[in-house]
Amino acid sequence: MDLSFTPEENAFRQAVRSFVQSRLPADIQKRTLEGRKQTHDDYKRWHRLLYEQGWGAPTWPKEYGGPGWGAVEQYIFEEESAAAGAPLLSPFGLKMVGPVIYTFGSDAQKERFLPRIRSAEHSWCQGYSEPGSGSDLASLKTRAERRGDGYVVNGQKTWITHAQYADYIFCLVRTDPKAKQQQGISFLLIDMKTPGITVRPIVTMDGGKEINEVFFEDVHVPVENRVGEENAGWTYAKFLLGHERTNIAGVAVSKRELRRLKHIASEERKNGKPLIEDPAFAARIAQVEIDLWALEITNLRVVSAEKEKRAPGPEVSLLKIKGTEIQQALTELMMLARGPSALGLLNDADAFRPAAAYCNLRKTSIYGGSNEIQKNIISRTILGL
Amino acid sequence: MDFDLTKEQQQLGDSIQRFVAREYAFEKRKGILRSEEGMSREVWAHLAEMGLLALQVPEEHGGMGGAPIETMLAMNGVGRGLLLEPYLASAVVATTLLRELGSPAQQGELFPAMAAGERIVVLAHDEPGARYDLTQVSTKATRAGDGYALSGQKSVVVHAPSADLLLVSARTGSGVSLFLVPWDAKGVSLAAYRTLDGRRAADVTLSEVRAGREALVGAEGAALDVIVSVNDVAIAAACAEAVGALEALLQTTVEYSKSRKQFGVPIGTFQALQHRMVEMLIHVEQAKSMSYLASLRSDEKDLQARARVMSAAKVIVGRACRNVGQEAVQIHGGMGMTEEFHASHYFRRLAALELSFGDTEHHLEKFALNSAEAT
Ligand SMILES: Cc1cc2nc3c(=O)[nH]c(=O)nc-3n(C[C@H](O)[C@H](O)[C@H](O)COP(=O)(O)OP(=O)(O)OC[C@H]3O[C@@H](n4cnc5c(N)ncnc54)[C@H](O)[C@@H]3O)c2cc1C
C-alpha cells in the first residue's frame, strides 16, 4: 500500500500544470476563481485550446483520438485543471455519448461524431428524463415508430441541460411499446435542427436558464442514427450511467471551492476579527475539509482499482452521494459566511452570488440519479438487502 | 397553562388564512412578484381594512398597542401565503419603533396613514460589514444649522424601494439616534435589487442628507436600546412567519408525495421518504412551540431573559427553515428546482428568514454566552 504518486505521475502533473497555466485565458480563469457563471462560449474556447494540444477528449483511448490516459492521469488532469480555474468540460459529448458511440456505435457514427465531439465542433445534450419518468427512467414514453428508413419521434423530454446550445441530443425512446419496460427502448442520436423539435427554457429558482423542455412532434430520424440494436437501448444507457468514474465525486472542484470559502471567510469580519478566526465557523469549515479529504482518498481507492482493471462498481454511488453533500455544504457555508449581505441575490449580476449558488446546487442531489436512488443501489448491490 | 386562543383571536386567525387562500393564490402572487414594484398596493390596502396594519399602533391611535398573539397569527398567514408586502418591515418593526420612540406629533401624523396603508416606513439600520451586530453604526448625524446632516451607508434595506419614509439610525456624539428621512430627500440614493426571496431591497447611501429637529425620533442618542429591543419583536414575528411557511411547505410536500408516481406507486410510499417527512414534521412542531414562546415573551420586561428566549427560538426555527426547505426541494425532485412551482419559493423565503435578525450560528453563540452569564 502506498498513497503517494509515482515520479511519472508527478511529472505528468507538472506537464498539465504548466500547460493550463500558460494557455488558460485570463478572463475565463478569473470568472471561475471568483465563482461567477461561465458562458457556453467559455467552455468551448477552453475545449478548443485543449484540442489543439491533443487533449480534446482527455478520457478517451488513443484509438479514438484520446490521449490514452489511465484513470490516475485523468484524475490528475481534472485536479490540475480545476485548481487553476479551468472550466469543466461539457460532459454530454465527452463522457456520455462519446464512449457509447465508440463502444457500441457503427463505423459511420464513429467517423461522423467522435472527431466533432473532440474538437468541440458539436455540443451535445442528454435526453433521458420525461415529465412522468425521472427516477423511474425505464417507464419513458417518448415514442419512435419505424417508418421506411427512419423513425418518427413523438413525445417530450424535460430538465434537459444546455439543450439550447446543443447541436445533437442523444435520446432514449420507446420503439416497442409491447415489450417489458427496459426491453423496448432504443438509443437515438438526433440533430437538434430537425423540424418538429421545440426547446423551451425552464427557469430555475436562482434565475438561471440551464435546463429545458424539449418537444418532439413527428421528428424524422434516419435509422443510421440509432446506436446499436433496436430495443437494446437500455443496455447502452446503463453502460453510460456507470461510465463516468473519476469525476463523479467532484473532488477537484470542491477543493478549489473550499479555498474560495476560506478566502470569503477571511474577508468577512465578526466581532472585529476575520470570520475564519471565529472558532465556531472555523470548525464548520474544518468539518467539510476533513470530509473532503476522506472523500479524496476514497475516490483514489476507486480510481486505482480501475487502474488495476478491477471495474469499479456500485461504490461510484457512494462517491456521488458524499461528493454532492460536500458541494452543497460548501455553498451553504459561503452563503452563511457572507451573512445578511448574502440576501442580495441580484445586486451585482456579474459578481459571485452565494445565495444563488446555494439555491442552484440543490440540483446535485437530484440529478444524475438522485441520492435516494443511489442509496437504493448501494443497499441492493453492496449490502445485498 | 393555556394554549388556547380566545374566540376573537380564533376569528382573526381564520380571516387571515381565508384572505391569504382567496386573495394570494400562488398564480396571483406570481403576477405581483413580476410587477414593477414587486408588491401589491391593493393587497396592502386590504390588510389595512382588516385592521392588520394597526396591531402595533397604540390604542389611543385606534390600534391594538402590541398584541403579540394577534401579530403571531397575522405573521403565520403572511408566511403561509408568502406575502411580498412589507408587513414585517413596516407594520411590525417600524410601527413598534415609532410607538416606543415617536413624539406625539410624529405619531399623530404617521399612525393613521400607516394603519390605513397609505404610508410605508422601513428601518434602515444594518450597515456593510456589521454582520448581525446591531451596535455597529458608523452612519453619522452631525449638527447642521437647526438640525442635522446624515452621511453613511445602509445595506440590504428590504422594501426600501417601496418606502415613503426611512427610519435611519445614525451616530450623534456618543449615542445612536433615529431619523425619519423621506425616500426622495436630497442626498439619499438607493441602489435597488432583488433579494434571494424575490423582494425588492436597496443599499442606501446618505450623503449630507439634511434632517430637521422634527425628524429626530426619540431623544438624541437614546435609540440603540430600543432598536435592540424591537429586534426581539422582529424575531418573534419572523419566527411566526417561518412557522406559517413551514407548515404550508410540509403540507405541500406530503401532498406531492401522494400524487407523484414513480415505479408505479406514489413516491410517498417509499419509507426512505416517509421518515424524512416525519423529521420535517418534528422540525415544524418544535418551531411552532418556540414561536409561541417567542411571541408570548416579546413584551417581557427582563431583557436578558427575553434575549435568551429569542435566541433559542431563532435557533430552533432557523434549523427547521434549513432542514424542511432542503428536504422539500429534494422530495419534489426536478420540480423543486423550478421558479414555476411554489416549493422553491418557500425554500428561498425560509432561507432568507434564517439569514434575517441573526442567523442560527449567531443566536446559538448568543444563547451560550447569555446562559454562561445567567448562571
Ligand atoms: C438541474 C437539473 C439538470 C438536469 N439535467 C438533465 C439532463 O441533462 N438530461 C436528463 O435526461 N435529465 C436531467 N435532469 C433530470 C434528473 O435526472 C431528474 O430530475 C432525476 O432523475 C429525478 O427525477 P424527477 O425529477 O422526476 O423526480 P422523481 O423521480 O419524481 O423523484 C422525486 C423524489 O422521490 C425520490 N424517489 C424516487 N424514487 C424513489 C425510490 N424508489 N426510493 C426512494 N426515493 C425515491 C427521489 O429521490 C426524489 O427525492 C436534470 C435535473 C435537474 C434538477
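How many residues of chain A are in contact with how many residues of chain B? I counted 45 residues of chain A against 36 residues of chain B, where contact means heavy atoms within 4.5 Å.

**Ground rules**

I am working from a predicted model, in which local features need pLDDT of at least 70, side-chain atom pairs count only at pLDDT 80 or more, and totals for chains, interfaces and linings use all residues. Residues are numbered from 1 along each chain as its sequence is written, chains are lettered from A and ligands numbered from 1 in the order in which they are written, and side-chain values use heavy atoms, with hydrogens and water left out.

**Entry: the A/B interface**

I looked up the area first. Chains A and B bury about 3500 Å² between them, with 59% of it on carbon and sulfur atoms. Buried area here is the accessible area (1.4 Å probe) that two parts lose on being put together, summed over both.

Next I took the polar side. There are 5 salt bridges between chain A and chain B; a salt bridge is a side-chain nitrogen of Lys or Arg within 4 Å of a carboxyl oxygen of Asp or Glu. I also noted 20 residue pairs in polar contact between chain A and chain B, both residues at pLDDT 80 or more. A polar contact is a pair of N or O atoms within 3.5 Å; within protein, one must be able to donate a hydrogen and the other to accept it, and residues adjacent in sequence count only if both atoms are side-chain atoms.

On the side of chain A that touches chain B, the elements giving two or more residues are strand S9 (269-270) and helices H9 (279-307), H10 (315-338), H11 (354-360) and H12 (371-381). H10(A) gives the most, with 5 residues. Helices (H or I, at least four residues) and strands (E, at least two) are DSSP runs, numbered from the N terminus.

**Entry: Lys270(A)**

Which residue of chain B does Lys270(A) meet in a salt bridge? I found Glu365(B), at 2.5 Å, N to O. Lys270(A) lies in strand S9 of chain A and counts as buried because its relative accessibility is 14%. Buried means under 20% relative accessible area, exposed over 50%, partly exposed in between (1.4 Å probe, protein chains only).

Leaving aside neighbours within four places in sequence, Lys270(A) is in contact with Leu275(A), Asp278(A), Arg131(B) and Glu365(B). The side chains of Lys270(A) and Asp278(A) make a polar contact at 3.3 Å. I also noted that Lys270(A) and Ala337(A) are 67 residues apart in sequence and 9.7 Å apart in space, C-alpha to C-alpha.

Asn271(A) sits in the loop between S9 and strand S10 (273-274) of chain A. Asn271(A) is exposed, with a relative accessible area of 58%. Its phi is near 50 degrees, a positive value in a residue other than glycine.

**Entry: other salt bridges**

In chain B, Glu37(B) and Arg41(B) meet at 2.7 Å, N to O. I also logged a network of salt bridges linking Arg13(A), Arg17(A), Glu79(A), Glu80(A), Lys255(A) and Glu296(A).

**Entry: aromatic rings**

The structure holds 21 aromatic pairs over all chains. Rings of Phe, Tyr and Trp (its six-membered ring) pair if their centres lie within 6.5 Å; planes under 30 degrees apart count as stacked, over 60 as edge-to-face and the rest as tilted.

**Entry: His122(A)**

His122(A) lies in the loop between helix H6 (107-118) and strand S1 (124-127) of chain A. His122(A) counts as buried at 16% relative accessibility. Beyond its neighbours within four places in sequence, the contacts of His122(A) include Phe113(A) and Tyr168(A).
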